[in-house]
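Welcome to my notebook. I wrote these entries while looking around a structure that was new to me, and you are welcome to follow along.

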Amino acid sequence: MRSLLGIVVLTVQLVSAHFYIDQINGGADGLRPISSLGSENFPVSGNDIIGDNMICNSAKPFSSYATNPVTVSAGSTVSVHWTNGPGNTSPIGAAHYGACMVYLGQGLKPSGWTKIYETTPDNSGDWCLNIIANNNNIYTFKIPTALAPGNYVVRIHLAALHAAGSAGGAQFYVRCMDIIVTGSGNSVPPFSDPIPGTWDLNTPGNGLSNSANNKIASNGASYANYYPAWGGTLWSPSSSGVSSVLDSTTTAAATTTKTLATASTTKTLATTSTTKTITTSSSIPTSSTQATQSPVPGVVFSDGFENGLGSWTVTYPSCSGSGSAEIDTTVSYSGKNSLKINGGGGFCNHVFVLNTAIANIRPIAYIRFFVRHQTAMPTNHHTFITMTDANDGNNDLRLGGQNSKLSWNRQSDDATCPSQSPTGIAASVTLPTNKWTCMELEIDTANGYLFAWMDGNTVSALTVQNGVADIDAAWKSSKPSWKPSPQNLKLGWESYGSDADTYWYDDVAIGSSRIGCGSTPPTSSATVTTATTTAKVSTTTTTTAKASTTTTTTTTTTTSTSSGICVAKYGQC
């Protein structure tokens, strides 16, 4: 990994008037591997504009990251050097007039992008190509100062319009690279621009007549006034919605608190660095501010639905009925919005929203989300989280409930964890109604293990690992070699009886390490003190204790029991 101070120089090669990046700071650090040497020499055009080539050109099938990501600091200027070929210092690509745009994404194959920089005649008075040629073939852009630390994908393209007089005629010179951003920023882009999908075969020609497009090569900047705005909205951290996992409205330098006010109680959680205030009225909490939390290592995707569904797709597997998904501006865990699922009774009245970020995380993927629902868990089988499992015939791995308790369910053989025996049912827990609950899941694709936490505490009955009787023994014996490969995460509701329910989801995060329910790293044990008006949780946990009228102190640690329910991986056996 290479650390850079202030300016990073990225060397881009252009062969036969075509451009592609082959060096960053004199080496290959940061560059995504490509399918074959020189394949980036050809631009993306024609029907490829609406296909996966538009993402990173020949850096596909998105099988690996750059060997050594380049480190840059938030707020620094990055300089990209373009060239006509090795050692060629001539001005690049005559007549390739168009815009330069820079996007950020996350993950091996990002499901959504955010534009962080652009150069068009509208904002610069000239074509990007001319600006590059007049600056010794160097193009500069800035990493947003407010950008949260973490791993990102930078996608840069120069769009040439000299042949854009017909559909699909625009040429996109695209390259992706991996960077590690450092600094004290705390804003995460919404990643709401789909690529492919942001352009069709008539853009960027949309807004330019065919005759104007055809004359761009000879007239250059004189046609700047005709150039349209396109390619997604330029992100402004001060005004753009961001996920509460990695964004804040205020940050404290020393130890601060998070306060949640209700009609009759106040809860205070001690953390190490941040604050969060959620004001409620009646039984449904809403937030007066965006959540405030420190960046969490390993987070690849996060969304608080402040920009709507963004990179989520509404889906009705197999059939559709009365189920619906919407953004709710009256109920939220943090910020102003949440995802509301109106789930009906009966299978076809289901609905889910789908995101594919988890497909890029191996061997262990972690999911964190806040959830609340309206109706007590029914006896009949139902589901509120599913993941398409590529290693199990594309059947679903499900999290839901049966006999009014939480359980995993494998669609292919209908196995459950825990088993639906009296002992198995008694070992599980129910999902509370009319309150926000933090759920965390771990999917170990290498070993076929599953783990779950509720409000920071292990739910032992949802552990698939050791083949414990009445817990995961039947699950493991049914398919001993099962190792899941989740391709997506689906939030919603599906009933296999006549039961209906309303669910809300907020602050969803997916990552390569455990995320926790707040800003402090999660641990395997928690000390919770409950009092009449306040509940304090130590800085080594993110569990929220429920206010009551008595004062008790409980130390929660999971140990071996006569039934063998324990989680060895987390030192709890």
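**Entry 1: a strand and its cover**

How many of the 5 residues of strand S19 (residues 351-355) are buried? Before answering, I noted that this is a predicted model, where local features need pLDDT of at least 70, side-chain atom pairs count only at pLDDT 80 or more, and totals for chains, interfaces and linings use all residues. I also noted that residues are numbered from 1 along each chain as its sequence is written, and that side-chain values use heavy atoms, with hydrogens and water left out.

I found that 4 of the 5 residues in S19 are buried, so the strand is mostly covered. Here buried means under 20% relative accessible area, exposed means over 50%, and partly exposed is in between (1.4 Å probe, protein chains only). Strands (E, at least two residues) and helices (H or I, at least four) are DSSP runs, numbered from the N terminus.

**Entry 2: the partners of S19**

Next I looked up which strands pair with S19; two strands pair if DSSP finds at least two bridges between them. Strand S16 (residues 313-315) pairs with S19 in the antiparallel sense over 3 bridges. There I saw Thr315 standing opposite Phe352 of S19. Strand S28 (residues 489-495) also runs antiparallel to S19, and 5 bridges join the two. In S28, I noted Trp493 as the bridge partner of Val351.

I then turned to charged pairs and found 8 salt bridges in the structure. A salt bridge is a side-chain nitrogen of Lys or Arg within 4 Å of a carboxyl oxygen of Asp or Glu.

I looked at Asp396 and Lys490, whose closest N and O atoms are 3.3 Å apart in a salt bridge. Asp396 lies in strand S22 (residues 395-402) and Lys490 in S28, so this pair ties together parts that are 94 residues apart in sequence. Asp396 is buried, with a relative accessible area of 13%, and Lys490 counts as buried at 4%.

Glu494 and Arg398 also meet through their side chains in a salt bridge (4.0 Å, N to O). I noted that Glu494 is in S28 and Arg398 in S22, 96 residues apart. Both Glu494 and Arg398 are buried.

Last, I checked Lys109 and Asp52, which form a salt bridge at 2.9 Å, N to O. Lys109 lies in the loop between strands S6 (100-105) and S7 (114-119), and Asp52 in the loop between strand S3 (18-24) and helix H1 (53-56), so the pair ties together parts 57 residues apart in sequence. Lys109 is partly exposed at 30% relative accessible area, and Asp52 is partly exposed at 34%.
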